[in-house]
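Q: Hi, I have a structure open and would like to talk it through slowly. Could you help me read it?
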Amino acid sequence: MIAWIRYPGVALRSLLKNKSRSLLTSLGIIIGVGSVIVMVSVGQGSQADIAETINSMGVNMLMVMPPHSMRGGVNRGAGSLATFTMDDADYLRERSEYCSAISAMTMSPAQVIGGEGNWSTSVLGVDVDYPRIRDWGVDQGEFFTARDVRTRSKVALIGKTIADELFPGQNPVGVRVRVRNTPFTIIGVLSEKGEDARGRDQDDVILAPVTTVLARLKGGREIDMIQASARTIEELDEAEEEVADLLRTLHKIMPGEDDDFHVRTQTEIIERASETSRIMTSMLGAVAAVSLIVGGIGIMNIMLVSVTERTREIGIRMAVGARERDILLQFMLEAVSLSLAGGVIGVMVALLVAAALDAIWGVTTVVNPMVVLMAFGFAGIVGVFFGIYPARKAASLNPIDALRHE
Amino acid sequence: MPPIVSTHALHKVYQMGAVGVPALRGVDLHIEEGEFVAIMGASGSGKSTLMNILGCLDVPSTGTYVLAGRQVDGLSRDQRADIRNQVIGFVFQGFNLLPRASALENVELPLVYDRARRVGDPRRAAEAALTRVGLADRMTHAPNRLSGGEQQRVAIARALVGNPRLVLADEPTGNLDTRTSMEIMQVFQDLNDQGITVLLVTHEQDISRCAKRIVELRDGKVIRDAAIGDRYVVGSDPRAGGTAGPGGAS
């Protein structure tokens, strides 16, 4: 056991004697470690955002849609078949045991006129259970009742965005607005919901009884989808299975035949959304990791220069008894110290940048300690890897030649 | 007591491309403990090669070399490194100090690699060695703030710090003026008086006369090996060497 403890001191001292060069050499690692952490933090921040939005939609929610109109439940393409009617929703409501709330839903784009002007938005026809399914409260006024649905009342609730646009600073409850020539009485303002997983403003919406929307705005009996809510999150799978079974019975679909509907749950959506975000995060991380490797190459270059410059020193050390391993270790430690010092600074820079992104630009960042640790560890590995070659070169010098080196 | 250095038929051939250039052609040399030997010779006589082999920096092509009772030809690089650390102290012509380390740190350097841990407290051993060569008041100075003579004293202290059995000095006065050279020779004479075996390579007559025995090489062979009759002892009192002025006139 030789004075191992002294080596780090020797390495650090020789680095400190060349401060600006050491700093410049570490710059690559600083940027590498910093960008890995910042990129991954931003990526994970957006994942957290998505998870939050999805939670805000109601976690134990399930959606039943026709198979070809799956874009957020909106019936899009001209050839797409709407296969649901109010009867499906009623049937499910009567028989489902695992669902605690069921609502038919239909959607119609519409221009709304009233208050301070007019506004282009979507009118959602829903049932009374809808606020429970979506976990959506009412700020002012009240939600419509089952009676309103039965009697096709021309009442509506408006989202926060519309309230702000058409009735800034006013209480819109009781006011009448026109939606495509049909007068609706506003009976409430919905609480603020924010953006959904795709960045759409969920508060830019008008809710009205599904029956009213079908009768006044769309015509016909076909609805776009059925939304339901499992009694508990644990029973979500059972509820999904039950709803599918019930609809197969109702639609007389034989075993082996394709369903004419599609049941989706939030878990699916969460998985898909966070999968996308995860891929983005790992791609950003990988790009940043490349810069870390480039930083390692910078360290290797400077260490090679340093070995050449200090050939005589190496010769002196060998003459007084340094073994090959002593020299190897000395230069390895210098390389690793450089990369770890760069790592420490990089972590600090990253924390500052992440905090600034959060505070100044409102970008959600989640700094994961594991990622910090991994970036730091990777910096260390880069130091070892790119330190080996220069250190070997130093250790294999012939002492006589090294001593003669000018 | 067996001789500290004992070589038999040392040959060294340097390979220059396809041609072999002989540097040593059969050197037999025996040095007893406590001797002060000057190896002389013109450039190309092989004295530096001999020095490198005796110092375990290089290996002979053929022949045997027994140092302090141990056969050292054929040892591995690491084993030779250990011998340099434990048995030998080096002093070079160009001082070979670490420019950015203080005198004290330079002297401590061999102890960093002292695997046997023979020296308990490296800092105190280094201080003692520097005091021994008369640099007690220069310990924290960097080499560039020391005169040439002082730098060579630091190098001597570094050679001494591990309590070597043999001190090898390769043209130790080659970069120094006459007065400073004599001061350095006085340090060697003092050390020799204290019982340390000193082996010195030089091409200057004046310097070699400070030794007790001269070995002269020519074309890789010993042509003269004799005790010095008219040995020159620097200073009247040999023990006064450590306090001989401020080191250098440079």
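A: Here is a walk through this structure, taken topic by topic.

Q: What kind of model is this, and how does it score?
A: This is a predicted model, and it scores ipTM 0.89 and pTM 0.68.

Q: How many helices and strands are there in chain A?
A: Chain A has 13 helices and 12 strands, and of its 406 residues 45% count as buried. If you take the contacts in chain A between residues at least 6 apart in sequence, 82% of them join residues at least 24 apart.

Q: And what about chain B, how many helices and strands there?
A: Chain B contains 7 helices and 10 strands, and buried residues make up 48% of its 250 residues. For contacts in chain B with a separation of 6 or more, residues 24 or more positions apart account for 71%.

Q: How many residues does each chain give to the contact?
A: The contact takes 18 residues from chain A and 19 residues from chain B. On the side of chain A that touches chain B, the elements giving two or more residues are α10 (311-319), α11 (324-361) and α13 (399-404) of chain A.

Q: Which of those gives the largest share?
A: That is α10(A), from which 5 residues on that side of chain A come. Sorted by class, the side of chain A that touches chain B has 10 nonpolar, 1 polar and 7 charged residues.

Q: Switching to sheets, what is the order of the open sheet of 4 strands in chain B?

A: The order of that sheet is β2-β1-β4-β5 (chain B), and the pairing is antiparallel. Its edge strands are β2 (19-31) and β5 (70-71) of chain B, each of which pairs on one side only.

Q: How many bridges join β1 to β2 in chain B?
A: Strand β1 (residues 5-16) of chain B is joined to β2(B) by 10 bridges, and the two strands run antiparallel. As one place to look, Leu10(B) stands opposite Val27(B) in β2(B). In general, strands of a sheet pair through backbone hydrogen bonds, either parallel or antiparallel.

Q: Now helices: at what angle do α3 and α4 of chain B pack?
A: Helix α3 (residues 103-112) of chain B and helix α4 (residues 122-132) of chain B pack at an angle of about 120°, with their axes 9 Å apart. The crossing in which α3(B) passes α4(B) is right-handed.

Q: Which residues meet there?
A: On the α3(B) side, the residues include Leu104(B), Val107(B) and Leu111(B), and on the α4(B) side they include Ala126(B), Ala129(B) and Leu130(B). By class, this contact of α3(B) with α4(B) has 9 nonpolar, no polar and 3 charged residues.

Q: Where is Asn181(A) found, and is it buried or exposed?
A: Asn181(A) is found in the loop between β7 (176-179) and β8 (182-190) of chain A, and it has a positive phi of about 70° although it is not a glycine. Asn181(A) counts as exposed because it has 10 C-beta neighbours inside 10 Å, and the cut-off for exposed is 12 or fewer.

Q: Last topic, what is the average pLDDT of chain B?
A: Chain B averages a pLDDT of 87, and 94% of the residues score at least 70. Over residues 238-250 of chain B, however, the pLDDT is below 50, and this stretch has 38 contacts in the model beyond near neighbours in sequence. Where pLDDT is low, the predicted coordinates should not be read in detail.

Note on methods: Residues numbered from 1 in each chain as written. Chains lettered and ligands numbered in written order. Predicted model: local features only at pLDDT ≥ 70, side-chain atom pairs only at ≥ 80, totals over all residues. Buried ≥ 20, exposed ≤ 12 C-beta atoms within 10 Å, placed from the backbone. Contact = placed C-beta atoms within 7 Å. Nonpolar A, V, L, I, M, F, W, Y, C, P; charged D, E, K, R; others polar. Pairing = 2+ DSSP bridges. pLDDT = per-residue confidence, 0-100. Axes fitted to C-alpha atoms, helices over the stretch in contact; angles between N-to-C directions. Left-handed = near helix turned anticlockwise from the far one by under 90°.
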